[in-house]
Amino acid sequence: MDLAAWTTKLLISAALLGGYKAPPPPPPVAVLSQADLSARFCGGGCRARGAYLPDRGILLAEGLDLDANPRDRSILLHELVHYLQDTAGRFASESDCDAWRDREIEAYHVQDRYLDRYNMAIGNVAAALEVAPAACHTGAPDGPPEAMLFRGDAP
Ligand SMILES: [Zn+2]
């Protein structure tokens with residue numbers, strides 16, 4: 001299945017798992033080299049493999065094996081959750097940092113529910129964000145690179 005087909009399929013999964021109504025049309029998805037993605041969004045200092053930017057859509061690191069690797073697919077799924085959040089306006093009334101945290105918690109929960117089907121849940125990331133609300137108020141949270149990346153680019 002190609003990238004567009006996976007995007008359409010995973011958007012439906014993300015909507016079902018996240019409790020969203022009929023999903024909007026899929027966002028644009030572009031593939032960048034790992035180095036480009038990292039350099040562009042975190043000064044080369046992270047290994048972010050996906051990002052969602054409200055004005056540009058989803059950026060994925062090249063080399064993800066969507067056909068064979070559920071974990072790789074779950075990265076696209078995670079970013080699609082951010083797209084659904086954005087288009088649905090979920091968490092839009094919260095402060096930037098609270099919205100960032102709640103968006104990440106939901107995206108990781110959906111990602112885990114998806115990976116559960118394959119007995120590959122990553123666990124703990126959403127829980128860690130939930131018990132660390134202070135991350136919003138102390139600057140850089142020790143979250144996963146993607147989370148910091150998303151936060152840094154959130155409007
Ligand atoms: Zn995220």
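Two residues are taken to be in contact if their C-beta atoms, placed from the backbone, lie within 7 Å. The structure is a predicted model, in which local features need pLDDT of at least 70 and side-chain atom pairs count only at pLDDT 80 or more, while totals for chains, interfaces and linings use all residues. Residues are numbered from 1 along each chain as its sequence is written.

Helices (H or I, at least four residues) and strands (E, at least two) are DSSP runs, numbered from the N terminus, and two strands pair if DSSP finds at least two bridges between them. Three strands form an open sheet in the order β1-β3-β2, with mixed pairing. Because β1 (29-32) and β2 (50-53) stand at the edges with a single partner strand each, one side of each is left without a neighbour in the sheet. From one strand to the next, the twist averages 20°, angles running from 0 to 180 degrees between N-to-C directions of axes, which are lines fitted to C-alpha atoms, for helices over the stretch in contact. Four bridges join β1 to strand β3 (residues 57-61) in the parallel sense, and Val 31 has Leu 60 of β3 as its bridge partner.

Helix α3 lies across β2 and β3 and runs at about 15° to β2. The axes of helix α1 (residues 3-18) and helix α3 (residues 70-88) come within 9 Å and cross at roughly 65°. Residues making this contact include Trp 6, Leu 10 and Gly 18 of α1, together with Arg 73, Leu 80 and Leu 84 of α3.
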